[in-house]
Amino acid sequence: MSLHIPRIPGIDFAAVGKQLGYLEIEHSDNENDAAVIPSPIAVLSGGDGPTVLLIAGTHGDEYEGQILLQELIRTLNPDEVTGRLIILPALNIPAVREGRRVSSVDRVNLNRALPGRADGGPALQIASIVARELIPMADFVMDIHSGGIASEYVPSAFVYQGPTPELWAAKVAAVTAFNAAYSVVVKPMLKAGSISGAADQAGVPMISTELGGRGTVSLPILNRARTGLRSLLGHWGVLKDAGLSGTGDPIQWVELTAQSAVHSTMAGILEPVVELGQKVMAGELVARVHSVEELERPPKDFISPIDGVVAIVRHPALVNIGTTVVNIAVDHGTSYAKGNHEPS
């Protein structure tokens, strides 16, 4: 018995062993007539067991996940796997090639594009394959993100609340196994078209991550995520002899809400006056923006709207009106996850 997906030629998802191939994404433009953009895929199967879908490169300027999944493909043998690993290390390959959040090919945010369209542009085609073919095949999903060029996050697992007590419990257990320093929680179905939302709609437990950012790679964050990934795969029952993650420190649970974002109301140069992970009080100064041209104009101060933890900081110093300069997350301590699956 075999299992094939037409847009992923040469891969038999029912076969045991290691297979390498591509999602064939059709694209025709001024330079290419009916060309194919190849988004890489690896399938490692050791036989009966759960299926885990691992994704990185949904945004091309986020690198930790790409490194982790490339490493996993190169070093893992099928006989170490119980079940099946489907690994997409550079999902939005045009954006990965450019090192940008979205590619110049179609300028579509892939993590807002699901369920996509099989007859759409490149990002919509990729989204369609993920939403309609791969997520329904999976028992568990992980999509590895970081802050990219534009921002830096506290190193964290990133989870949508709910949508049911059962899925929430499975997410909490996965967050615990991954054991990042933080877990960032957001409301159910936060972003339309996201991979997290598509997994929730399919009833498949999924966690994402935000592993730093600034368009570079942090070695301490990468190393902790490397250990955490193997621990998570062991927890999900797909990796034999997986070591346990953990530093002995409890996970800090924080929540992004509608009040979290601090937006600039002035164009200029950002001066952040708080650091990631810092606790702040409502009304406390968190950033100021300096005018570029108006030399006598004083900087404009921005304050925290709530008590909480600095969870995200803008990276590039130039900002415009409407740019988010920091996000303040509600601090739930180390016990937020107990029974919570409803939005705040």
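**Loops, Overall Form and Cores**

Guide: Let us begin with one residue of this predicted model: Arg 107 is located in the loop between H2 and H3.

Visitor: Is Arg 107 buried or exposed?
Guide: A residue counts as exposed when its relative accessible area is over 50%. Arg 107 has a relative accessible area of 65%, and therefore Arg 107 is exposed.

Visitor: Where does Arg 214 lie, and what is its relative accessibility?
Guide: Arg 214 belongs to the loop between strand S9 (206-210) and H6. Although Arg 214 is not a glycine, its phi is positive, at about 65°. Arg 214 counts as partly exposed, a class that lies between the limits of 20% and 50%, because its relative accessibility is 39%.

Visitor: What radius of gyration does the protein have?
Guide: The protein has 344 residues, and a compact globule of that length would have a radius of gyration near 20 Å. The value for the protein agrees with this expectation. The radius of gyration is 21 Å.

Visitor: How many helices and strands does the protein have, and what share of its residues is buried?
Guide: The protein comprises 6 helices and 18 strands. A residue is buried when its relative accessible area is under 20%. Of the 344 residues, the buried share is 52%.

Visitor: Which residues have the most contacts inside the largest nonpolar core?
Guide: In soluble globular proteins, nonpolar side chains tend to be buried together. Here the largest nonpolar core has 40 residues. Elements that each supply at least two residues of this core include strand S3 (51-56), strand S4 (84-88) and helix H6 (219-235). The residues with the most contacts inside the core are Leu 54, Leu 85, Ile 87, Met 142 and Leu 233.

Visitor: With which residues is Leu 233 in contact, leaving aside its neighbours within four places in sequence?
Guide: Contact requires heavy atoms within 4.5 Å. With those sequence neighbours left aside, the partners of Leu 233 are Val 52, Leu 54, Leu 72, Leu 85, Val 238 and Leu 239.

Visitor: How many residues has the other core that lies apart from the largest one?
Guide: Among the residues of this other core are Phe 13, Ile 41, Leu 114 and Ala 138. The number of residues in this core is 36.

Key
Residues numbered from 1 in each chain as written. Predicted model: local features only at pLDDT ≥ 70, side-chain atom pairs only at ≥ 80, totals over all residues. Heavy atoms only, no water. Helix = DSSP H or I, 4+ residues; strand = E, 2+ residues; numbered from the N terminus. Rg over C-alpha atoms; globule rule 2.2 N^0.38 Å. Buried < 20%, exposed > 50% of the residue type's maximum accessible area, 1.4 Å probe, protein only. Core = buried A, V, L, I, M, F, W, Y, C linked by side-chain atoms within 4.5 Å.
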